[in-house]
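Here is a short note to keep beside you as you look at this entry for the first time. Please take the points in order.

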Amino acid sequence: MLRHSTRWFLAAAVLFVGTVAVSQTSPSITFQSPSQNWNVFASSNPLPFGQTAAINYSADRLTQCRGNINATTPGWTITGHYKFNNGPVQDFWVAGFSSVPNPPAPSIPLNTKGDLSIWFENTSRWGCQAWDSNYGNNFHFNVQ
């Protein structure tokens, strides 16, 4: 009898640990390429307050302002912009040239509850500027 109880306990413990690991997956917001129908989605709705959301952005969404310097260094940058509840705008590097060596992966700290508004800007050293902003409406997500 003890042998069966021990197996049941171990099986329950493994199931519990597996469930906890799945529920602790980091949140993300994905902006897919034109070949993926420009889909935009969050890993959960609402996004969990107090965590950090990874931003998975396809650079194929903003291709207007491109060109390289010396054939290897990007002469363009995609910058993400966001704000909570119409508050101050914050920025983060997404792709292209970065003045910081090995920039961190794009992410947004979900440190405010309410409306999270996100949009993207592609600029080049030659003065080009293009936007991915849901036709000026920006992309909105709920943080709770």
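1. Strand β1 (residues 28–31) runs antiparallel to β2, and 3 bridges join the two. Strands here are DSSP runs of E with at least two residues, numbered from the N terminus, and two of them pair if DSSP finds at least two bridges between them. Within this pairing, Thr30 sits opposite Phe41 in β2.

2. A word on the source: this is a predicted model, in which local features need pLDDT of at least 70 and side-chain atom pairs count only at pLDDT 80 or more, while totals for chains, interfaces and linings use all residues. Residues are numbered from 1 along each chain as its sequence is written, and side-chain values use heavy atoms, leaving out hydrogens and water.

3. Now step back to the whole protein chain. A helix here is a DSSP run of H or I with at least four residues.

4. Of the 144 residues in the protein chain, 33% are buried, meaning under 20% relative accessible area with a 1.4 Å probe, protein chains only. Among contacts (heavy atoms within 4.5 Å) between residues at least 6 apart in sequence, 63% join residues at least 24 apart.

How values were computed
Buried means under 20% relative accessible area, exposed over 50%, partly exposed in between (1.4 Å probe, protein chains only).
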